Amino acid sequence: MVDGILNYLWLVPALPLLGVIVNSVIALFVERPLLLAEEDHGAPSHGPSTRGTSAPMGEGHGASHAAPAYRKLVAFVGPAVVGASFVVSLLAVLALAARPAHDRLFVQVLFPWIQAGTFFAPAAFQLDPLSSVMILVVTGVGFLIHVYSVGYMSHEKAFARYFIYLNLFTFAMLLLVLGSNFLLMFVGWEGVGLCSYLLIGYWYEKKSAADAGKKAFIVNRVGDFGFLVAVFLIFWTFGTVEYTEVFGKIPGLAASGVLTTGIATAITLLLFVGAVGKSAQIPLYVWLPDAMEGPTPVSALIHAATMVTAGVYMVARTNALYLLAPTSMAVVAVVGAATALFSATIGITQNDIKRVLAYSTVSQLGYMFLACGVGAFTAGIFHLMTHAFFKALLFLGSGSVIHALSGEQDMRKMGSLRKHLPITFTTMFIATLAISGIPGLSGFFSKDEILWKSFSSGHGHVGLWLVGTAAAGITAFYMFRLVFLTFFGDSRMEPEVEKHVHESPYSMTVPLMLLAVLSVAGGWIGIPHVLGGYNYFEEWLAPVFAHGAEGAAHGGAHASAALEVLLMAGSVGVALCGIGLAWYLYRVRTEVPKEIADRVPGLYDLVLNKYYVDEIYDVAIVRKIVNGSIWLWEAFDTAFLDGIVNGIAALVKGAGERTRRLQTGVVGNYAFSLLLGAVILVGFLLWS
Amino acid sequence: MTSMPQALTANLLTALIFLPLAGVFLLIFLPKENQRLLKNVTFAVTLAGFLLSLPVAVLFDGSTAAMQFVQKVPWIPQYGISYHVGVDGISLWLVLLTTFLMPVTILSTYASVEKHVKEFMIFMLLLEVGMVGVFLAVDLFLFYIFWELVLIPMYFLIGVWGSDRRIYSAIKFFLFTFAGSVLMLVAIIALYFHHYAVTGVYSTDLLAMYELAIPVKLQFWMFAAFALAFAFKVPMFPFHTWLPDAHVDAPTAGSVILAAVLLKMGTYGFLRFAIPLFPVAAVDLAPLMATLAVIGILYGAFVAMVQKDIKKLVAYSSVAHLGFVMLGLFAFNVEGIEGGILQMVNHGISTGALFLLVGIIYERRHTRLISEYGGLSKVIPLYAACFMIITLSSIGLPGLNGFVGEFLILVGAFQTMKALTVVATSGVIFAAVYLLWMFQRVMFGQVTNEKNRHLPDMNAREVAYILPLIVLVFWIGVYPQTFLRKMDASVTAFVARIEAKRHAALSDSPPGETLIARYFDVGK
């Protein structure tokens, strides 16, 4: 009876798609004519106005003009479809949970999608413990962000267009996590990339926004290249791309020698190239900080809570393959750890509030990969979930700050905001505690599990643990730096801005509060045994990570409960040091940071400029390709290839000119050549 | 096929080929001053042609590889030439693509063609006769006639209604294709005499030719001649330099038909003639063909990236896209070939639509230079949305048509040519680069050029001919089964026949025979 709800699983992605359709109709037939009419009336008056700043435009909020009815409809439909999708997801997951643990797999085939020769990929959805977690996060956090967007984007003209993209994103993300095969995952994968492109470039009139969107799409495509080749290799090896069939065949093919370590390594490394692109890891992370050009709720949904975690989901999904490829596991762990530390250091120096959070996201994603790389897939997904709560909250909180400050994002022009924005401050502070790993909050449990596994797992290494712990300390430092600069101290706001400071409307603060609750309590479903808790989360995911648990348990032998508690205390201690340092530098001796920066200008500039990675890519890759292409076109295509063609033409023409002279019109000449020809012909015949 | 009267289905293909010719005769008697009437009549004729082609698609039986709706009438019996037409799973969608795009294209000329309308429409209809004929002919002689017939109207369309360097481009187009055709003609004649030598009967019938076991050494030269002719048409790297010029100078309608249908005549030629007639040579030369195809994919993408003229950019993108098609065909498996055929259709839709869209702003601004635009998204949002969808289709975004074809090609090619396929796959990155960059420069940013500030958005007529293309973009992307299932039997039989004929031809070759030894008398 309860199980019947699973037959409606298709509604989970279908509902957001419905939102896309409804909002598209509204955008096309109501919003577009309205905007064009407005454009024609006020055309010359506005030049490059406030529009195009990465914040809601206009300051006269509230009663400035009554929202036209169509906007109310959009504001209802956009969030409602995602909310409904969340409800269906929740019911479906409950139905799945009602089944015995070994039977928690439901596949719904809708129709055959691509079929040719032996290749077959259906449009089908797969609900299992892993995709359950994902759809709840996507629709749950997604719903809150949709609601928040209603308030945040209320001053935007292209309101329907925004919600089309946001709904489309939700649809694509759900395809990604619900698809029952690699190809459908790829559809969602590219789909979320597209929406990311569209939403980063939402203020497309601003060049930096359009550039950032394009950069995100193209850098992601580099990753997608790896993903695609991996799919080819998977089909070539397994003869199918369906998860259940691929993973079911692994033991047999491994035993028969078809699936060698080499092939498993190749597949997993290629998949990881895709993950590195989508989840912004070294060396493809460069698009994510630029993606902050998009509206802040977009940063929260796509570039923190959901899309960027797709790579982690993919690695976790293919855990059975990764475990056959120790090299790949090591690569994943090392790249994850390195990214966690590297981008955390950049986070220290950034002054743009959203950029700090962006680098923080890159860093936290690194943790998730570190977890996967040491075989602790559960911990990776756990951190994915808790991070979705607290990072979405941090972004939405920063959005609330930006909203209050009429678009200001520079923390050097903030300060003392906790008095003006009490709800924003409180909720953001909770999220900051969570990400810093303060015991009791969600981030503590998930991050600590990762650190512990990176030390104790059979795939782990003390070096990985050290790097992870160091990054944890830096995380606590830069997050508290952000909080102190933004909410404490004296106001450094522009006077004009300060006049308008106001707490955000309920549509924005209620999501903040709900996320704050989740940021605290979200971790309680996975309390480690050593602290006397019970890890429900691990148990729930056990069917998916059956092998993974094994791998991690192997190393568990050389670990003891006492050691686990000790390391836990150590990482908390490091976090507290980070907080203390931030307090000292940004509350007590606020002149010191500048002094430090002045003392090591080279190093400071290096980090401030993000290690010049963008510049290096530009010189080493982008310009080389562009210049090479220009050469190909001008020198090779036009001058050489076409030169041959025109050369032949000229030759023919020249030959024509010359042979024309043979037509002298003098009969004697003709008679002579006739005779000559006859002699040659006769001679040839006699000879042969 | 039973539900339709026999007489109707028997003549359906002939009606499809010659209906436009009837239209030509009708146009001759219409006054040349009444442009509107001429356009309306042409539109009606092409629309009727499309409607007439629908029963072919609906009644087509996807479970058999045999030619369907066959009509065979002796034409020049003393030479063994007959009027023999038919359709199978390989040609079906190319015929439909042609009949579908004709009314679409005619609709696009309402505002853009103003001089010599009568002649323009006559050439368009003659073009359709040739194109449909090429895809339906099952006789070598008949095929050749239609093949050459296509050349002439297109030559005039570019030369008379084109822009800037139209004469140069028209002649270049003509000579390139004609050079290939002459080689093909020689090979056809050689094949004709070979058939006589073996069977004692003169025939130009393609199905009879399929039955021949052509000696391996002869296959090499004949394949080379056919392949060269078709490679010019496709066009494959390095024979592509006529294409950008022809596209840039052709009128919009000419560009659309040129890209969407004429180029497919080349790829179709490989499938219908060069590969099945000479399978040993085709398979042996596959590494060369596939390498050229992959070079084309990357080369086209790189060169497209740095173009300043939108049409030229799209032209070079065609070189890349058709590289994918060729790669799929030379995978010699069902995945690759079905993907290749689907991609021919996809390219017709996406690139056809891109040219139509470029035509729309060209009509308003009379320039195709990317630098003349910018910020159009705000001024003409509907146009920008359509352009975006088509751009994404061309990039190969999953869920849209281009992806299905490209994916099947690559997954098929990967089974036989791993390294080349990996290189080809990197083409997906660069497709995104050149198209999105162009899109950004045209659509995003501020409106910098005052002339663009008050451009009118798409009108009803323009929507009417872009919308069907967009519907197809989604249809093929989401439910390609409609199209793939009708190809199955033909493509499966095609792959099996190549395999069998190759096996038979090489059954007594020494093991480990080198290709040089196989085709040349070196060392004997």
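## Ground rules

This is a predicted model: local features need pLDDT of at least 70, side-chain atom pairs count only at pLDDT 80 or more, and totals for chains, interfaces and linings use all residues. Residues are numbered from 1 along each chain as its sequence is written, chains are lettered from A and ligands numbered from 1 in the order written, and side-chain values use heavy atoms, leaving out hydrogens and water.

## Chain B overall

The C-alpha atoms of chain B fill a box of roughly 75 × 55 × 45 Å along the principal axes. Buried residues (under 20% relative accessible area, 1.4 Å probe, protein chains only; exposed is over 50%, partly exposed in between) make up 68% of chain B.

## Salt bridges

Searching the whole structure turns up 28 salt bridges over all chains, each a side-chain nitrogen of Lys or Arg within 4 Å of a carboxyl oxygen of Asp or Glu. One of them pairs Asp457(B) with Arg32(A), with the closest N and O atoms 3.0 Å apart. Asp457(B) sits in a loop of chain B and Arg32(A) in a helix of chain A, so this pair joins two chains. Asp457(B) is buried at 14% relative accessibility, while Arg32(A) is partly exposed at 21%.

Within chain B, Asp309(B) and Arg368(B) meet at 3.3 Å, N to O. Asp309(B) is buried at 12%, and Arg368(B) is buried at 9%.

Conventions: Helices (H or I, at least four residues) and strands (E, at least two) are DSSP runs, numbered from the N terminus.
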